[in-house]
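Here is a short briefing on one protein model.

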Amino acid sequence: MDKIIVKGGTPLHGSIEIAGAKNACLTLMPAALLCAEPLTLTNAPRLSDIATMTELLESLGCEVASLQEGRVLVLGTAKISNHTAHYDIVRKMRASILVLGPMLARDGEAVCSLPGGCAIGARPVDIHLSGLEAMGAELDLREGYVHAKAPNGLIGAEYELPFASVGATENLLMAATLAKGTTVLKNVAREPEIVDLAECLRAMGANISGEGSHTLTIHGVKKLHGATHRVVTDRIELGTYMIAPVIAGGEVELIGGRRDLLEAFCTKLEAAGATISETENGLTVTRDGPIKPVDIVTEVHPGFPTDLQAQMMALLCFSDGTSVLEEKIFENRFMHAPELIRMGADIEVHGGHATVNGVSALKGAPVMATDLRASVSLILAGLAAKGETVVSRVYHLDRGYEQLVRKLSACGADIVREKEA
Ligand code: UD1
């Protein structure tokens, strides 16, 4: 297994190209199960999660061609040849549950293992399931699998999500495109990835309105067709690299960066001392004064994203005061705190709150992370820490950050990847 070694203290200067969004691509790919013609996705990120979704879709009969070194994916599902998403693949990635809605909508049957994924809380899929039930699906949970049937097809329904779950909104939106009649989904998630999915489905012939608002209205159609769609910019990769020059010093341009994808995050980053400017190609970020403390509450979009909480905590460890971070989306999402403490941070965690007292310096240490965003928060901390930080278990990073070492070292960071003995 590989490890990443960061030597802190070098300011960053240069530009970083932001990839297509992992989380958008992971929901756009299963949309290819909805029709017989190919779906072409451009601007796809090259990540292990995308490889896992490819493996899953291939196991269901979808043919996936990866072109332009993985930047373009052509997904053709002339026929779904197997309707079971097996535990072996699903356990690696929670987003696998997103094949359930499309398979059920197209063929009236689907079996899916209950998912695994990052170890951040219980993460049930009850909302996905009750929404599908509202659309007439018959569900049976046996031996860790959900067996779903809709022998006469799904039927349009009105369903209010008890919580604006991103994945449930995506699953139900895809399912509703082929349901008979009209589906009204209330209290849906409004993340940019949902808007991206709705735009792709519309290009495939779906009749959808309301994306980006609290209510989605979908008039079912008989059939969808092939389309070409460009995956939206990865706002979490963007936010992560926006923090890099604030924590390490310097000035970095984020190519393809868009402030409108991350307004709440940008406001907090500015409050912490960043200067963010829009350029012709994206955004530049720099910092002049000290890092200032900021209180953060993670919320559903357009609130502060939970997927940037760990990275922001790394930054606030260096502030000149006390910050309180409240995690409202996931329980148990402060696993990075003990590792940051090992580097000298002063953090106290009580339930869903973390109090971060800024310290004048962190010291590099061997650290290990248990999920994707926690891992990258340790890399960010390492960019500003004194000495050497060695981050193990980098397979988490490979799930969500394409060419992380190359992107940061191109800006002058002292960072290398090595094989671990
Ligand atoms: C997606 C993102 C993930 C991000 C999260 C929140 C992908 C592939 N992943 O995950 O990076 O952190 O949105 O922005 O897009 N919940 C239930 N029942 C359900 C579904 C969810 O209780 O049926 C709960 C979860 O346990 C969690 C919360 O709702 O506490 C948010 O989950 P959800 O919005 O569904 O996140 P994901 O789609 O899994």
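**Helix H1 and the model**

In H1, the buried residues are Lys22, Ala24, Cys25, Leu26, Thr27, Leu28, Met29, Pro30 and Ala31. Buried means under 20% relative accessible area, exposed over 50%, and partly exposed in between, with a 1.4 Å probe and protein chains only. Helix H1 spans residues 22-31 and is mostly covered, with nine of its 10 residues buried. Helices (H or I, at least four residues) and strands (E, at least two) are DSSP runs, numbered from the N terminus.

This is a predicted model: local features need pLDDT of at least 70, side-chain atom pairs count only at pLDDT 80 or more, and totals for chains, interfaces and linings use all residues. Residues are numbered from 1 along each chain as its sequence is written, and side-chain values use heavy atoms, without hydrogens and water.

**Cysteines**

- The whole structure has zero disulfides, a disulfide being a pair of cysteine sulfur atoms within 2.5 Å.
- Cysteine 25 has its closest cysteine sulfur in cysteine 200, at 9.9 Å, which is too far for a bond.
- Cysteine 25 is buried, at 0% relative accessibility.
- For cysteine 62, the closest cysteine sulfur is that of cysteine 35, 9.6 Å away and too far for a bond.
- Cysteine 62 is also buried, with a relative accessible area of 3%.

**Aromatic pairs**

- There are two aromatic pairs. Rings of Phe, Tyr and Trp (its six-membered ring) pair if their centres lie within 6.5 Å; planes under 30 degrees apart count as stacked, over 60 as edge-to-face and the rest as tilted.
- Tyrosine 241 and tyrosine 401 pair edge-to-face, at 6.3 Å centre to centre and 80° between the planes.
- Tyrosine 241 is in helix H8 (residues 235-248) and tyrosine 401 in the loop between helix H13 (395-400) and H14, so this pair ties together parts 160 residues apart in sequence.
- Both tyrosine 241 and tyrosine 401 are buried.
- Phenylalanine 265 and phenylalanine 304 form a tilted pair, because their ring centres are 5.8 Å apart and their planes at 50°.
- Both phenylalanine 265 and phenylalanine 304 are buried.

**Second largest pocket**

- Its volume is about 260 Å³, taken as the space filled by probe spheres set on grid points joined across faces, edges and corners.
- A pocket is an open set of points on a 1 Å grid over the protein atoms alone, where a 1.4 Å probe fits, with protein on both sides within 12 Å along at least five of seven lines; lining residues have an atom within 4 Å of a point.
- Of the 15 lining residues, Glu17, Ile18, Ala19, Arg71 and Lys407 are the closest to the centre of the second largest pocket.
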